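Let's look at the model and ask what backs up each description.

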Amino acid sequence: MGEEIDKGSTEPRQVTRLIHLPEVQHRVGLGRSTIYRWMAEGKFPGPVELGGYSVAWEERAIDVWISQRLDSA
């Protein structure tokens, strides 16, 4: 799980804030069940596992998803 790091890469890795489900729901205006259903259908970004049952989403991935929706509207 996670992104493999290319040790020979000269590009700096972008740091992103991790946000939990309540903030994701607030930003996108969707409920929990819709978010998880759309994730299963490949229509919504998946979370990062933090350990145990804790997950969070990359803020940048959510921002990109929102932008794509606005561009197609």
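Q: How many helices and strands are in the chain, and what is their order?
A: This is a predicted model, and its chain holds three helices and three strands. Starting at the N terminus, the order reads β-α-α-β-β-α.

Q: What makes T34, I35, W38 and M39 in helix α2 "buried" residues?
A: Buried means under 20% relative accessible area. In α2, which spans residues 32-40, T34, I35, W38 and M39 are buried, so each of them falls under that cut-off.

Q: Why are the buried residues of α2 said to line one face of the helix?
A: Looking down the axis of α2, you find its buried residues within an arc of 135 degrees, so they line one face.

Q: Which residues sit on the face of α2 turned away from its buried side, and what makes them "exposed"?
A: That face carries R32, S33 and A40 as exposed residues. Exposed means over 50% relative accessible area, so R32, S33 and A40 pass that mark.

Q: What covers the buried residues of α2?
A: The cover includes helix α1 (21-28), strand β3 (54-58) and helix α3 (59-72).

Q: How much of the chain is buried?
A: Of the 73 residues, 23% are buried; by the cut-off, that share has under 20% relative accessible area.

Q: What is the accessible surface of the chain?
A: About 5,800 Å², with 50% of it belonging to carbon and sulfur atoms.

Technical notes
Residues are numbered from 1 along each chain as its sequence is written. This is a predicted model: local features need pLDDT of at least 70, side-chain atom pairs count only at pLDDT 80 or more; totals for chains, interfaces and linings use all residues. Side-chain values use heavy atoms; hydrogens and water are left out. Buried means under 20% relative accessible area, exposed over 50%, partly exposed in between (1.4 Å probe, protein chains only). Helices (H or I, at least four residues) and strands (E, at least two) are DSSP runs, numbered from the N terminus. The arc is that of the directions from the helix axis to the C-beta atoms. Contact means heavy atoms within 4.5 Å. Accessible areas come from the Shrake-Rupley method with a 1.4 Å probe; for residues, only the protein chains shown count as cover.
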